[in-house]
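Trainee: I am new to this structure. Please walk me through how to read it.

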Amino acid sequence: MRVGFAALLGLSLLIWWSPLSACFRIASTNEGQTYILLVLPISVALTYHDVKKNVRANTIARWIGWVLLCTAILIRISPWDRLNPSSIQLSVKIFAVVLWWIGSVIVCFGFPRCRSIAFPLCFLLLLIPIPERILDWIAEWLQHDSAVATTVLFKAAQVPVTRDDVMLSIPGLDIEVARECSSIRSSTLLFVATLVLAHLFLRSWWRRGLLLLLAIPLSIAKNAIRIFTIAELGTRVDPGFLDGKLHHYGGIVFLVLAVAVQILLLLLLMTDQTNPNIRKGA
């Protein structure tokens, strides 16, 4: 079984080497796709964590695996995707290789084993690059909402502020919440981190979904606090903050703070899971 799986895995690398190389090349150069670099190692780690040792390999529903393998090959050789933009072509090809990997697990280890590691296998779908149009829309949405949230912070701090879309004006400073300031990299990383935390520590679907939903406003708040902090430090302490290290490399600091907040929210959601008076799976 393991030899067969290794053979199918190796075959997939031969067939999809070019798309996979392009995928990781994009992930290393496009800030909105950086999270892709984490998907494979996290999926492997979660597989070792989730796999149930007492699940026996069997032939039940292995035909599903063969269907997935055949579908992956048909997608790979089909010419239809050439009519679409290159970013969509790449997304479709990576989707095909993920189907191949899932099908390989089912063929070699059986459907019960596949079901025991369903989350790590589905997590591989995050390897699929986000098409450029969708990525642009996400960045624009983050820009706009970050500008709105930053305006609220300035008003709460009684700093005179005017906003024109993504342009903010405070005494002594005009701020443009540009695409580079949209914090799309840290927002996607926050979402991936939240997804993993929810899977590992929360049992019910509604708790997991709630934690993921909370990651959205938290991403905006994180970015707004970053813009507000840099602007205040630059206008009240030292203008060097406006183009200093905190501006260019401070995203990781605010990402860590956002993850810390998510962990606190996670602990709150976990409290009634351990309460014996709460029904299991509630």
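Mentor: Start with terms. Helices (H or I, at least four residues) and strands (E, at least two) are DSSP runs, numbered from the N terminus. Two strands pair if DSSP finds at least two bridges between them. Now the source: this is a predicted model, where local features need pLDDT of at least 70, side-chain atom pairs count only at pLDDT 80 or more, and totals for chains, interfaces and linings use all residues. Residues are numbered from 1 along each chain as its sequence is written, and side-chain values use heavy atoms, leaving out hydrogens and water.

Trainee: In what order do the strands form the open sheet?

Mentor: The order is S1-S2-S3, with antiparallel pairing. Strand S1 (162–164) and strand S3 (173–176) are the edges, each pairing on one side only. Strand S2 (residues 167–170) pairs with S3 over four bridges. In one of the pairs, Ser 169 has Asp 174 in S3 as its bridge partner.

Trainee: Which helix packs on the sheet, touching S1, S2 and S3?

Mentor: Contact means heavy atoms within 4.5 Å. Axes are lines fitted to C-alpha atoms, for helices over the stretch in contact, and angles run from 0 to 180 degrees between N-to-C directions. Helix H8 (residues 132–156) touches S1, S2 and S3, and its direction makes about 15 degrees with that of S2. Helix H10 (residues 205–236) lies across S2 and S3, at about 155 degrees to S3.

Trainee: How do H9 and H10 pack?

Mentor: Two packed helices are described by the angle between their axes and the distance between the axes. Helix H9 (residues 184–201) packs with H10 at about 155 degrees, the axes 9 Å apart. Angles under 35 degrees count as roughly parallel, over 145 as roughly antiparallel, 65 to 115 as roughly perpendicular and the rest as oblique. H9 and H10 are therefore roughly antiparallel. Residues that meet include Leu 190 and Phe 191 in H9, and Leu 211 and Leu 212 in H10.

Trainee: At what angle do the axes of H3 and H9 cross?

Mentor: Roughly 5 degrees, and the axes of helix H3 (residues 36–50) and H9 come within 12 Å. H3 and H9 are therefore roughly parallel to each other. Among the contact residues are Ile 42 of H3 and Val 196 of H9.

Trainee: How many salt bridges does the structure hold?

Mentor: One. A salt bridge is a side-chain nitrogen of Lys or Arg within 4 Å of a carboxyl oxygen of Asp or Glu. Here Arg 236 meets Glu 232 (2.7 Å, N to O). Both lie in helix H10, four residues apart, about one turn of the helix.
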